[in-house]
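Subject: Structure handover and notes

Dear colleague,

Please find below the structure I promised to pass on, with the sequence alongside.

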Amino acid sequence: MHKQTYKQFGESLYTETLDNGLTVNILPKQGFRKTYAIFTTNFGSIDRTFIPQGKQTHVTQPGGIAHFLEHKMFDKKGYDAFDLFGKYGADSNAFTSFTRTSYLFSATQNIKENLDILLNFVQEPYFTKQSVEKEKGIIGQEIQMYDDDPDWKLYMGILNNLYPKHPVHIDIAGTVSSIAKITADDLYLAHKTFYHPANMDLFIVGNVDPNKTLEWVIQNQNEKAFPKFELPKVQLPPEDPNGKDIIKRQVAKMAVNRPKSIIGLKGLDQVPDGRAGLAYKLKVNLLLYLLFGDSSQEYLNLYDSGVVDDTFSYEFDLARSFHYVSFSSDTDHPDQFNEQIEKILANAQQILPKLKAQFELAKKEMMGRLLSRMDSIESIANGYEGQLFDQATIFDQEMIYEKLTLADLEQVAASLFKPESLSTFEIMPMEVKS
Amino acid sequence: MRIQIKQGVALTVIPVSQFKNTQISVHFLENASKLKTSYRSLLANILETSSKKYVTQILVSRALSQLYGAGFGTTVMRKQNIHDLTFSLSLPNDHYLDSSEDLLSEGIQFLQEMIFNPLAKDDCFHEQTFQRQQANLIAYINALQDDKQSYAALQLQKLVFNEDEVQSVPAFGDAKSLAEIKNHDLFDYYQLVLAHDRVEIYVVGDVNANQVVNEINQWPFVDRSANSVELTNSEKKERSFQARTENQDVVQAKLDLAYQFPTDFRNDNYYAGIVFNALFGGSPLSKLFINVRERASLAYYANSSVDIFNGLMVVQAGINSQDKEQVLTIIAKQLTDMQAGDFTDEQLVQIKKGLISNYVSSLDLERVYASRELTNDLVGSQISAEEWIDQIQKVSRESIMKVAKQVELQAVYFLSSEVKTHA
């Protein structure tokens with residue numbers, strides 16, 4: 001087992017790749033009572049079209065399959081994994097993103113038993129026609145709940161504009177009609193293709209002994225046979241490299257009180273692989289913080305002129321096969337909001353050289369934020385992106401931040417901020433019916 | 001360690017070594033009226049964004065960046081009748097930084113500046129800041145209507161409490177009273193808050209208690225008598241059953257129910273009440289989750305929560321409009337089953353395990369130390385983790401049934417999607 005010590009933070013991370021390909025990370029946390037374990041596969045909502053294990057041709061599965069599979073994994077023959085965790089005093093949960101599906105538990109006792117439950121229920125699929133049909137009612141309600149959420153609508157709206165072809169524009173949960181098509185066979189096929197240990201990682205943080213814990217995991221895995229495996233081949237539709245397929249602007253009407261606006265910036269540049277990809281992400285985060293963070297002059301101007309209010313936020317999302325920036329706010333002046341954001345992006349090369357002092361301050365800020373996240377065992381484990389950033393963890397970020405220069409940010413701004421990659425989505429209130 | 005730094009102003013230092021950050025919270029507590037609830041909410045917004053030294057939001061943010069990205073914020077909350085206006089600061093411990101600065105000391109000075117030196121002139125807050133924060137807060141409250149889950153919860157609250165009760169408005173106030181607040185009146189009111197509110201200060205982290213005491217002692221607090229600001233077991237109010245249905249253009253309907261709930265704090269009934277709620281609807285192993293969601297597939301969420309200080313239990317579910325009666329029947333059945341003791345010993349053991357595990361786990365969250373201590377201080381009694389766990393273990397089937405029999409449906413609010421018009 002590989003041990004890496006981070007002296008400055010008083011932490012040691014233990015890592016091992018098992019014979020079956022599973023990556024295991026263990027972080028013992030001094031003084032903590034709880035243990036948190038998260039078991040993740042590199043399979044998310046965008047992975048709809050793929051070559052199944054052992055086959056030659058592509059299949060396309062219904063939208064929402066990864067999320068549906070996540071729900072159905074808990075249902076076992078004669079028992080429910082959720083209840084079983086409950087018997088051993090653990091809380092369990094699961095979530096699906098565009099590119100990953102994670103299953104987790106947290107507990108203060110019976111860690112070995114709970115680890116076994118976690119590994120077993122995720123690795124032993126059991127689906128029946130009847131239980132698949134029943135789940136459609138529950139997930140249908142989950143989808144409808146999001147249908148009434150204007151912020152989610154806004155978010156999906158901009159993704160649809162930026163990625164009219166790429167499946168990231170499909171809601172993670174799918175739609176009521178797409179999930180209606182899902183069958184037990186579809187779920188088995190997805191599981192077989194993506195849930196192999198070689199495509200998964202396990203992260204355990206908290207009140208644990210690393211050697212003993214790893215032994216438990218190995219013991220569990222040795223009792224199971226896994227077939228020969230090739231990493232999944234997912235097919236994504238080709239997109240225009242110059243962003244010509246981006247939908248520039250759309251407006252939707254909804255029962256909201258104030259208009260909402262979101263501006264999307266699609267990354268048309270290439271993100272480097274591995275740790276360099278993480279560096280890219282941190283650079284963009286710093287860059288956006290300097291230009292749009294709450295200590296930037298640009299943000300204050302937007303705020304003081306009433307173009308945005310406290311609801312303003314920006315976000316950078318980078319995952320397997322896509323990356324984009326979004327800026328959103330409730331605003332009565334969507335046109336001005338657009339103009340101002342576009343202007344700041346266009347002027348970035350003039351603004352940045354004046355921000356030397358702010359840059360140093362921003363690095364300080366980011367250091368503090370890392371320390372703050374290190375107090376949360378969930379945050380440490382959930383922030384891990386596995387193979388995307390070549391197994392980097394939160395403890396590797398400090399080194400990257402330390403080396404960054406303002407010139408790095410100018411460079412990344414030049415490659416990311418392109419006017420042709422911008423788009424807007426707005427939600428306007430419906431006319432009042434009397 | 002708890003000391004009175006002035007009469008009515010207490011400082012509690014809670015040394016915990018497992019965290020890399022230090023958290024300071026300063027609670028201003030008062031039995032505030034409905035109108036003053038809105039005053040306090042607006043104060044929270046104004047005081048968060050500026051001070052004499054830091055005249056713009058940027059300067060506040062940069063000061064926080066200097067403190068290595070310390071998190072600063074104001075919040076408003078309410079327990080029973082007590083309104084809590086809180087200033088909180090979370091900052092990294094120097095120990096983990098290559099820095100010769102004394103961050104804790106700087107953080108305490110920063111808080112002092114934000115609390116005691118508001119940006120003001122001629123007994124008024126800075127006019128532009130006042131106006132902007134007033135407008136933003138009203139916009140925020142109006143926009144809450146767009147979140148249907150919160151909207152339904154607020155409508156239920158209005159249905160349960162009479163208009164003269166402070167609980168009929170949320171802790172962040174209401175848009176109408178906010179719009180009427182005058183800058184000068186608000187400034188005057190803040191002077192009253194500073195001079196008369198009960199104040200509880202908590203510092204949690206790997207800190208030197210003496211240093212903390214010495215530095216916070218420098219703050220210009222004055223003596224005050226604030227004896228009446230405490231939590232009590234309020235008497236059960238006679239309330240008549242209320243029901244209301246509203247139609248909106250939504251996809252998912254919201255069904256929200258309120259129940260009278262026994263209020264005794266920290267006696268046998270109290271622990272039985274905690275177990276009752278977890279078994280009834282407060283956990284994913286609960287009757288509501290299993291029967292409304294898992295068995296009948298009628299909802300994605302269906303849960304219960306208890307507000308012990310107001311003697312209230314709330315059930316929330318997101319459903320299809322046409323399923324309302326069926327869901328109501330299932331929920332009612334779960335309550336009668338609880339009253340009849342229709343749950344297995346195994347379920348009871350599991351639920352208790354879950355509650356205890358959550359309690360122990362919460363000690364890994366730094367913010368919990370202060371919030372738990374605040375409740376203790378407002379109730380005037382202490383309880384250790386061991387005692388709490390022991391009391392939960394002791395809860396019997398009979399005591400849960402006894403609580404269940406005191407739970408009484410009081411209000412039903414239904415946000416229906418039935419008039420849906422397709423766009």
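Two residues are taken to be in contact if their C-beta atoms, placed from the backbone, lie within 7 Å. On that basis, the contact between the two chains takes 51 residues from chain A and 51 residues from chain B. Please keep in mind that this is a predicted model, in which local features need pLDDT of at least 70 and side-chain atom pairs count only at pLDDT 80 or more, while totals for chains, interfaces and linings use all residues. Residues are numbered from 1 along each chain as its sequence is written, and chains are lettered from A and ligands numbered from 1 in the order in which they are written.

The chain A side of the interface

Helices and strands here are DSSP runs numbered from the N terminus, a helix (H or I) having at least four residues and a strand (E) at least two. Among the elements that each supply at least two residues of the side of chain A that touches chain B are helix H4 (129-147), helix H10 (297-304) and strand E10 (101-107), but H13(A) gives the most, with 10 residues. By class, this side of chain A has 17 nonpolar, 15 polar and 19 charged residues, where Ala, Val, Leu, Ile, Met, Phe, Trp, Tyr, Cys and Pro count as nonpolar, Asp, Glu, Lys and Arg as charged, and the others, Gly among them, as polar.

Chain A as a whole

Chain A holds 16 helices and 17 strands. Its radius of gyration, taken over C-alpha atoms, is 23 Å, close to the 22 Å that the globule rule gives for 434 residues, so chain A is as compact as a globular protein of that length; the rule is 2.2 Å times the number of residues to the power 0.38. Buried residues, meaning those with 20 or more other C-beta atoms (placed from the backbone) within 10 Å of their own, make up 47% of the 434 residues in chain A.

Two domains

The domain assignment, whose bounds come from an automatic or database source, gives domain 1 (2-234) and domain 2 (249-429) in chain A. Their centres, taken over C-alpha atoms, are separated by 28 Å, and the contact takes 31 residues from domain 1 and 30 residues from domain 2. On the domain 1 side, H5(A) gives the most, with 7 residues, and by class that side has 17 nonpolar, 9 polar and 5 charged residues.

Within domain 1, which the assignment places at 2-234, Val24(A) is found in strand E3 and is buried, with 23 other C-beta atoms within 10 Å. Leaving aside its neighbours within four places in sequence, Val24(A) is in contact with residues including Thr15(A), Leu202(A) and Val217(A), and its C-alpha atom is separated by 9.1 Å from that of Met200(A), 176 residues apart along the chain.

Annotations from UniProt

The UniProt record (an unreviewed entry) places the feature "domain: Peptidase M16 N-terminal" at residues 63-175 of chain A, a span that is 54% helix and 15% strand. The record also gives a "coiled-coil region" at residues 338-365 of chain A, where the model is 82% helix and 0% strand and the end C-alpha atoms lie 28 Å apart. UniProt positions are in the numbering used here, feature names are shortened, and annotations may be inferred rather than shown by experiment.

With best wishes

Terms used:
Buried ≥ 20, exposed ≤ 12 C-beta atoms within 10 Å, placed from the backbone.
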